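User: I have a structure open and I'd like to go through it with you. Can we take it piece by piece?

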Amino acid sequence: MSIEEFLWYYILFMVLGTAAVGLCGMVCRPHMIKKLIMLTIYSDAIEMLAVLLGYRILATQPPVFFGGVLEGFTFPTEAELRDFASSAVDPIPQVLIVTAIVIGLAVMLFLATISIKAAELFGTQNLSKLEVGELDE
Amino acid sequence: MRNRLGLTAFITSSLVVLMTLVIVKSGLTNPLIAENTQLAMKFLTNIPNLNSSIFSASPEIVTSVLWDHRGIDTFYETTVLFLAIVGALYVLEGKHDLARAREESTIITRVVAKLVTPLIVVVAASVAIHGHLTPGGGFQGGAIFVVGPLIMILALGSSKLAELGLSKESLLSVRSLALLGVALVGITSVLAGMLGGYTGYIFMNLPKTHAEAGFPYLIHLPWGTLLFSGTLIFLNILEFVAVSAGFTLSLIILDSVVEREEK
């Protein structure tokens, strides 16, 4: 096993381990804010995993053709494009992650407001201290 | 309680090992493969290629895929954030008695916040406006922009933001107008096609061989030729305005719970 391969497996395992810590914390911790923090860690680890899946061992540049200028831009030739495509990372996971980050922030915002409302109504954000009574008519 | 914790730890750690095995063995990715997948190669070689049928007139593959090839999806994603903000405004309506008076920050924090915030705003605008040429785009620029109001709120309080004209009502209307602008840019080619007798589709960028109602991608000015990549620059700027107004509004909403008691 070469050193690059070892590092790659190591990073993959670490990212999945971080995701597992986030998942475990979301289930076990009773406090709402801790659940939110763990949710952030979990979603960030999964996004990191998706970026990692787009990596290739010979890739040396982002999926942006080098030298983008506003004025007098010339489009690349076929040979330049073949060279570019063989040395760029996969753009599709990055596209999906831009979506995932914004949706994740929307979910975070809504959960944060709900936890503020819960603190206001029940006086606690600890779910194990919440007493669930029967609803009155 | 302790049993449940142990069980959860066991399940998640076995899940990690299983996922690692699945990812490595199923060939989802492999460090020894040097080539990209076929879909990635198609995007990478065809999007900046003048002779291709999916040409987007932009060297930035990520922005092209985001706004040209899956534009409707990105539009609905923006509306999800809008709905989250509307829901937060609805839930946190009215008076709150959670508040605690906040201590005044030191002069160092206040001066540095005033110096750094304009720089952050300029960087964010540059990332968004050059989104079709260099890494970045509307979402990324908006996410950078929000750091400015966050520093201002933490150092000076949201009353300072209100002095700059960033109130809840104005931000919500700016956000709605920007979202409306995104939708209008999306249906422009359909409308132009209907008026001129051509074929046009929703969120279409450049003219195609079977649909002529598209946007141009170059503009000739007296001092030179500028590349603006059809709809990409308009959508990036509108999305930048929408995301920055939306996140600033959400920060003000979350801060209003603390700020109200102070007055």
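User: Which residues in H6(B) are buried?
Analyst: In H6(B), the buried residues are B:Gly138, B:Phe139, B:Gln140, B:Gly141, B:Gly142, B:Ile144 and B:Phe145. A residue is buried if 20 or more other C-beta atoms lie within 10 Å of its own, exposed if 12 or fewer, and partly exposed in between, with C-beta atoms placed from the backbone. Seven of the eight residues of this helix (138–145) are buried, so helix H6 of chain B is largely enclosed by the rest of the structure.

User: Where do the numbers and letters come from?
Analyst: Residues are numbered from 1 along each chain as its sequence is written, and chains are lettered from A and ligands numbered from 1 in the order in which they are written. This is a predicted model: local features need pLDDT of at least 70, side-chain atom pairs count only at pLDDT 80 or more, and totals for chains, interfaces and linings use all residues.

User: How many helices and strands are in chain B?
Analyst: Chain B has 10 helices and two strands. Helices (H or I, at least four residues) and strands (E, at least two) are DSSP runs, numbered from the N terminus. From the N terminus on, the order is α-α-α-α-α-α-α-α-α-β-β-α. The radius of gyration of chain B, taken over C-alpha atoms, is 24 Å, well over the 18 Å that the globule rule gives for 263 residues, so chain B is more spread out than a compact globule. That rule is 2.2 Å times the number of residues to the power 0.38.

User: Which residues have the most contacts inside the largest nonpolar core?
Analyst: They are B:Leu44, B:Ile61, B:Ala178, B:Val182, B:Leu238 and B:Ala242, in a core of 53 residues. A nonpolar core is a set of buried Ala, Val, Leu, Ile, Met, Phe, Trp, Tyr and Cys residues joined through C-beta atoms within 7 Å. Helix H10 (residues 232–262) of chain B gives the largest share of this core, 13 residues.

User: And what is B:Leu238 in contact with?
Analyst: Leaving aside neighbours within four places in sequence, B:Leu238 is in contact with B:Ala178, B:Gly181, B:Val182 and B:Val185. Two residues are in contact if their C-beta atoms, placed from the backbone, lie within 7 Å. Another core, of eight residues, lies apart from the largest one, and A:Val15, A:Leu23, A:Cys24 and A:Ala45 are among its residues.

User: Where does A:Ala45 lie?
Analyst: A:Ala45 lies in helix H2 (residues 32–53) of chain A. A:Ala45 is buried, with 20 other C-beta atoms within 10 Å. Not counting residues up to four places away in sequence, A:Ala45 touches A:Val15, A:Thr18, A:Ala19 and A:Gly22.

User: New topic. How many residues does the contact take from chain A and from chain B?
Analyst: The contact takes 52 residues from chain A and 55 residues from chain B. On the side of chain A that touches chain B, H4(A) gives the most, with 18 residues.

User: What should H4(A) span at 1.5 Å a residue?
Analyst: Its 32 residues should span 46 Å, and its end C-alpha atoms are 46 Å apart, which agrees. The expected span is 1.5 Å times one less than the number of residues. After H4(A) comes A:Gly123, whose phi is positive, near 80 degrees.

User: Last one: what is the mean pLDDT of chain B?
Analyst: It is 84, and 90% of the residues of chain B reach 70 or more. pLDDT is the predictor's confidence in each residue, from 0 to 100.
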